[in-house]
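Let's take a friendly walk through two interfaces, one inside a chain and one between chains. Here is the structure to keep beside you as you read.

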Amino acid sequence: MPQQAAALQPAAPQTTQPAAQPTAQPATASALWRHPEALLGLRDMATVAIGIGAWGMMTGVAMVNAGMSTVEALAMTFFVYAGSAQLAATPLIMAGAPMWVILATALCVNLRFVVFSVHMRAYMLHFPLWRRLVAGYLTADLNYVFFVRRHPTPSADPAVLRAQQAYWLGGCSANWSTWMLCSVIGVALANFIPVAWGLGFAGILALLGVALSLLKTRLQSVAALIAGAAAVAAFALPLRLNILVAIAVAVVVCVPLAAVRKARMQSSQRTEQEAS
Amino acid sequence: MTSGLLASTVPNVTDGWTLLTIAGLTVITVLTRSFFFISQRDFKLPRWAEQGLHYAPIAALAAVIVPELVMSQGQLISTLQDTRIYGAIAGTAVFFWRKSTLGCIIAGMAVYLPLHIGWGW
């Protein structure tokens, strides 16, 4: 296994590599855990852990209540690792829907991750394929959001790359363990936790808090409002494609608006300079 | 395909076909989350798309959240007796007051749960 091979090597200082070099030697997990960014990633994720946990628990409850066996529900939890896709696929599986319908549904529910992967590309290309795939697999919604908030610009500098990997590791570990622990609790206690209590609402509140923390510019607030309205308006679309439509509408409206604002600001600066 | 029927009538029977589906779903998770960095081949994003990435995360979150707050069973809610609205308002207020996501979750649930379970809203 490549991980073991990397662990056997002494922690040699990384030599500066030319930017064209496609792959960087991945740092070992234990080295990354000693990096202060790892703790930061963990702490950031801890602020929403209660929401992730409640959401994971309700996903576990929902799978068992739909009629899945314990083994199936646990396999779903540990392998699929995508709450919204699990919730969308569960009733289809139990109804005996054809496999391609189930997979197509999960694909559409997950399409937002494809948009995220465009953004993550510049951060990921430095690593070998197996590591990129593992990293992609483990990057859930909030891992992506927190990661690009903390590290807004990709870099080829080894020190920065190391900090980014450490932050990512801390956040993904926290998210993974919280989600798994609480999903397993949900599967085990499904008969005692009624879905009607609505504990899953904590997951929505966690997303809400994160969304509010992302609002830095007025145009981002506009994007949020447009996307929210579009997602409601397009809700009737099958396979939760309304989310993709909402992202597209927000981008199509906000990118030209940003260009107009920039042009107007530049021209007003110019008139100020001329006046003075 | 009797798997679905069997599983729902006989509790706790594990079905091979379902496990195969779960394996397929796992592949979907990996492929969608790594889609644009599976290949290392050169590819330049158009400028508008690059600028669009300023808005993609917030738009995706809003698109997931808003329907969960104001819709039920595929319809826009027409009543104000929906505890999710008050939970979200409380959460938003506390977020701007304390700048804390955890505060948002706790305040939102503190408003939501009593109204939802106790009042039945």
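The C-alpha centres of domain 1 of chain A and domain 2 of chain A lie 27 Å apart. Domain 1 of chain A covers 27–214 and domain 2 of chain A covers 215–276, with bounds that come from an automatic or database domain assignment. Before going further, please note that this is a predicted model, in which local features need pLDDT of at least 70, side-chain atom pairs count only at pLDDT 80 or more, and totals for chains, interfaces and linings use all residues. Residues are numbered from 1 along each chain as its sequence is written, chains are lettered from A and ligands numbered from 1 in the order in which they are written, and side-chain values use heavy atoms, with hydrogens and water left out.

**Between the domains of chain A**

What do domain 1 of chain A and domain 2 of chain A bury between them? The figure is about 850 Å², 70% of it on carbon and sulfur atoms; buried area here is the accessible area (1.4 Å probe) that two parts lose on being put together, summed over both. Across this interface the rule finds four residue pairs in polar contact (both at pLDDT 80 or more). A polar contact is a pair of N or O atoms within 3.5 Å; within protein, one must be able to donate a hydrogen and the other to accept it, and residues adjacent in sequence count only if both atoms are side-chain atoms. On the domain 1 side of chain A, helix H7 (99–109), helix H8 (111–124) and H12 each give two or more residues. The largest share, four residues, comes from H12(A). Helices are DSSP runs (H or I, at least four residues), numbered from the N terminus.

**Between chain A and chain B**

Now for the interface of the two chains. In contact (heavy atoms within 4.5 Å) are 86 residues of chain A and 73 residues of chain B. Chain A and chain B bury about 7000 Å² between them, 77% of it on carbon and sulfur atoms. In chain A, A:Met99, A:Arg121 and A:Phe201 lose the most area to chain B, together 10% of what that side buries. Helix H12 (residues 201–214) of chain A gives the largest share of the side that touches chain B, 13 residues.

| Interface | Item | Count |
|---|---|---|
| Chain A and chain B | Salt bridges | zero salt bridges |
| Chain A and chain B | Polar contacts (both at pLDDT 80 or more) | 15 residue pairs |
| Domain 1 of chain A and domain 2 of chain A | Salt bridges | zero salt bridges |

Notes: A salt bridge is a side-chain nitrogen of Lys or Arg within 4 Å of a carboxyl oxygen of Asp or Glu.
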